[in-house]
Amino acid sequence: LSKSRQTSKAYPSKSRQTSEALKRMRFIRSDYDFNAALNKLAPYLSKSQMIEVLSLVRSVQSEYGRAEALCQLAPYLSIAQMAEALAMARSMQSESDCSRVLRRLAPYLSRVQTVEALEIARSIQSESDRISVLSKLLPKLTKAEMYIIWKEVLHMHVSRDRKSFLVDIPQLAPAMIALSGRDKNVLKLVIEATQDVCRQWP
C-alpha cells in the first residue's frame with residue numbers, strides 16, 4: 001500500500017495533469033505553441049475545461065490560429081459547443097480558414113447544425129473552398145437535399161478544369177454512390193467517362 005501511495009505521488013493523475021496543463025495554456029502567447037499544447041490536451045478535457053478552452057480560443061489573435069484550434073477540438077465538442085465553433089467559423093474573414101473549420105466540423109454536426117453549416121458554405125465566394133465544404137456536408141444531407149447541392153457542385157465544376165474535378169472525385173464519392181442507389185460502380189463509370197473526354201479533347 002505504501003508503495004502504491006508513493007507511485008501515486010510520483011505520477012499525478014491524468015485529471016491533475018490536464019488541469020495543470022490548462023493553467024499553463026492561459027499564459028501562452030504564441031498561436032503555434034498554443035495549438036501544439038492543445039493538440040496534446042484536447043482528448044482529455046472535461047466539459048467544464050472545454051468551455052474554458054473555447055474561451056481561450058476566442059482570444060487567439062490570428063484567424064489561422066483560431067481555425068487550427070477549432071479543427072483540433074472538433075471531435076471532442078458537445079452539441080452546444082459545436083454551435084459556438086460554428087459561430088466562430090461564420091465570423092471569420094478568411095474563407096480559407098472558415099472552410100477549413102467547416103470541413104473538420106462536418107462529420108460531428110447535428111442535423112440542425114448541418115443545415116447551418118450548409119448556409120455558411122453556400123455564402124463562400126471562392127468556388128474551390130465552397131466545393132470542398134459542400135463535398136464534406138453532402139453525406140449528411142437527405143437525398144433530396146443532396147441532389148440539389150450535387151447540381152450546384154456540378155455547375156461550379158463547369159468553369160473549372162478537369163484536373164480539379166478528378167481531384168474532387170474522392171470527396172464527392174459518397175454523394176455519387178448515394179445518388180446512384182448505392183451502386184459503387186458509378187465511380188468507375190465517372191472516371192472512365194472523364195478519361196474518354198480527355199482523350200477526345202486533350
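Visitor: What share of the 202 residues in the protein is buried?

Guide: This is a predicted model. Buried residues account for 40% of the 202 residues in the protein.

Visitor: How much accessible surface does the protein have, and what part belongs to carbon and sulfur atoms?

Guide: The accessible surface is about 11,900 Å², and carbon and sulfur atoms hold 54% of that.

Visitor: How many helices and strands are there?

Guide: The count is 12 helices and 0 strands. Read from the N terminus, the order of elements is α-α-α-α-α-α-α-α-α-α-α-α.

Visitor: What part of the contacts with a separation of 6 or more is between residues 24 or more positions apart?

Guide: Such pairs make up 61% of those contacts in the protein.

Visitor: Which residues touch the most other members of the largest nonpolar core?

Guide: They are Leu-73, Leu-102 and Leu-105, in a core of 53 residues. Take Leu-102 as an example: beyond its neighbours within four places in sequence, its contacts include Leu-86, Ala-89, Ala-117 and Val-133. Ile-120, Ala-121 and Ile-124 are also among them.

Visitor: Now a single residue. Where is Gln-81 placed?

Guide: Gln-81 lies in helix α6, which covers residues 79-90.

Visitor: Why does Gln-81 count as buried?

Guide: Buried means under 20% relative accessible area. Gln-81 counts as buried because its relative accessibility is 7%.

Visitor: What does the side chain of Gln-81 reach?

Guide: The side chain of Gln-81 reaches the backbone nitrogen of Ser-78, at 2.9 Å. Setting aside neighbours within four places in sequence, Gln-81 is in contact with Lys-47, Met-50, Ile-51, Leu-54 and Tyr-76.

Technical notes
Residues numbered from 1 in each chain as written. Predicted model: local features only at pLDDT ≥ 70, side-chain atom pairs only at ≥ 80, totals over all residues. Heavy atoms only, no water. Helix = DSSP H or I, 4+ residues; strand = E, 2+ residues; numbered from the N terminus. Buried < 20%, exposed > 50% of the residue type's maximum accessible area, 1.4 Å probe, protein only. Polar contact = N/O pair within 3.5 Å; in protein donor to acceptor, adjacent residues only side chain to side chain. Contact = heavy atoms within 4.5 Å. Areas by Shrake-Rupley, 256 points an atom, 1.4 Å probe, with all protein chains shown as cover. Core = buried A, V, L, I, M, F, W, Y, C linked by side-chain atoms within 4.5 Å.
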